[in-house]
Amino acid sequence: MRSAPVPISVVVPTYNEADNIKPLVEALARAFAGTPYEVVIVDDGSPDGTAEIARELAKEYPVRVVSRPRRLGLSSAVVDGARAASGDVVVVMDADFQHPPELAPALAQAVLSGAELAVGTRYGRGGGIEGWSPARLLISRGAAALAKLLLPEARLLSDPESGFFATRRACLASIKPTGLYKILLDVAVQCRPSKIAEVPYVFRPRRAGRSKLGLVHVADYLAQLMRLAGWRPFKFAAVGASGIGVAEAVLYALRDVAYPAAALAAIEVSLTSNYALNKTWTFRDREMPWLKGWLKYHLANFAGIAANYALSNALVLAGTSRYLAYLLGVLAGFAANYLLSELYVFRRH
């Protein structure tokens with residue numbers, strides 16, 4: 001049964017957070033003192049009694065519990081919590097105090113004041129991370145950079161992996177999760193917020209309990225990026241492979257023509273074929289005048305050829321097998337071509 005409407009709902013997905021849930025609810029009560037709010041705990045069948053503790057807290061605090069039978073993922077938990085919430089503005093946060101409860105009102109207020117999305121950022125000015133090794137920091141930064149490369153919507157965020165944010169309930173309740181954990185990426189892509197506020201904070205180690213980060217999180221993140229990107233890198237690779245077949249067909253058709261001229265024709269026809277396929281398939285959601293894009297695509301591919309040539313030659317000079325060097329050069333050329341196609345040729349404006 002839905003309680004009386006309040007302006008702000010705080011949705012907290014939980015799994016085995018028995019040691020954290022009471023201190024969190026108390027901290028939120030202090031943070032929202034004098035402001036109508038509610039806390040929606042969405043628990044995925046925690047065996048440590050998290051849901052039972054939350055129900056006891058509901059006797060004293062504005063807490064409601066949504067119980068799910070098993071671990072179904074943080075993203076779907078957030079969506080279920082938003083659908084059960086009564087607030088027009090929803091703040092999403094973890095239960096382990098890595099997201100400071102005292103900043104939850106600031107995120108909510110930013111949305112109440114007109115922002116479509118307010119994000120707690122570790123990477124914006126004033127933000128930071130405590131207790132992480134250099135390797136984990138590098139992985140996190142790399143993951144954020146990959147999201148910004150593949151998703152134009154993520155480029156509006158300094159911390160696209162953040163799990164601490166606020167937005168309108170209507171947005172969150174409409175989300176169809178594409179991954180298990182990184183719900184902010186779905187918000188950015190599916191709701192397309194244009195007015196975004198960022199609130200810096202320092203991400204600290206868990207107050208209690210164990211971190212749930214593992215290889216499954218990494219694999220799910222990469223798969224989610226591919227889904228949200230429409231599998232563009234794979235489509236781009238497939239188009240590139242088709243270009244080889246086109247070039248070979250042209251060389252065969254011009255088998256009686258001197259090779260230098262035939263090779264130039266093969267390169268030109270395959271480039272134009274690749275451009276046409278990428279425009280109508282790989283990047284079909286991007287508007288681009290045909291001739292302008294065709295010229296830019298030629299420039300982009302020249303950069304890829306240069307990257308291939310430079311890297312492969314450098315590797316051979318360093319003693320690498322010419323076959324391995326060429327393969328790595330092809331990969332470097334592919335990366336350069338995709339990067340320039342994404343950010344230059346078919347850039348979303």
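## Pocket lining

Ala, Val, Leu, Ile, Met, Phe, Trp, Tyr, Cys and Pro count as nonpolar; Asp, Glu, Lys and Arg count as charged; the others, Gly among them, count as polar. On that basis, the lining of the second largest pocket divides into 19 nonpolar residues, 11 polar and one charged. The structure is a predicted model.

The second largest pocket has a volume of about 960 Å³. Its lining holds 31 residues. G240, I244, N301, I305 and N337 lie nearest the centre. Four helices each supply at least two lining residues: α9 (232-253), α10 (259-282), α11 (290-317) and α12 (322-345). Helix α9 gives the largest share, with 10 residues. Rolling a probe the size of a water molecule over the atoms shows where empty space is left.

## The sheet

Seven strands build an open sheet with mixed pairing. Their order is β3-β2-β1-β4-β7-β5-β8. Strands β3 (63-68) and β8 (196-200) are the edges, and each pairs on one side only. From one strand to the next, the twist averages 20°.

## Strand pairing

Strand β4 (residues 89-92) runs parallel to β1 (residues 8-14), and four bridges join the two. S9 has V90 of β4 as its bridge partner.

Strand β7 (residues 165-168) pairs with β4 in the antiparallel sense, over four bridges. V119 stands opposite F165 in β7. In a regular strand the side chains alternate between the two faces of the sheet.

Helix α2 (residues 50-57) lies across β1, β2 and β3. It runs at about 155° to β3.

## Salt bridges

Side chains of opposite charge can pair when their charged atoms come close. A search of the whole structure finds 13 salt bridges. One joins K22 to E26. The closest N and O atoms of this pair are 2.4 Å apart, inside the 4 Å cut-off for a salt bridge.

Why are K22 and E26 separated by about one helical turn? Both belong to helix α1, and they are four residues apart, which means a separation of about one turn.

Terms used. Residues numbered from 1 in each chain as written. Predicted model: local features only at pLDDT ≥ 70, side-chain atom pairs only at ≥ 80, totals over all residues. Heavy atoms only, no water. Pairing = 2+ DSSP bridges. Axes fitted to C-alpha atoms, helices over the stretch in contact; angles between N-to-C directions. Contact = heavy atoms within 4.5 Å. 1 Å grid on protein atoms, 1.4 Å probe; cavity = no way out; pocket = protein on both sides within 12 Å on 5 of 7 lines; lining within 4 Å. Points joined across faces, edges and corners; volume = space filled by probe spheres on them. Salt bridge = Lys/Arg side-chain N within 4 Å of Asp/Glu carboxyl O.
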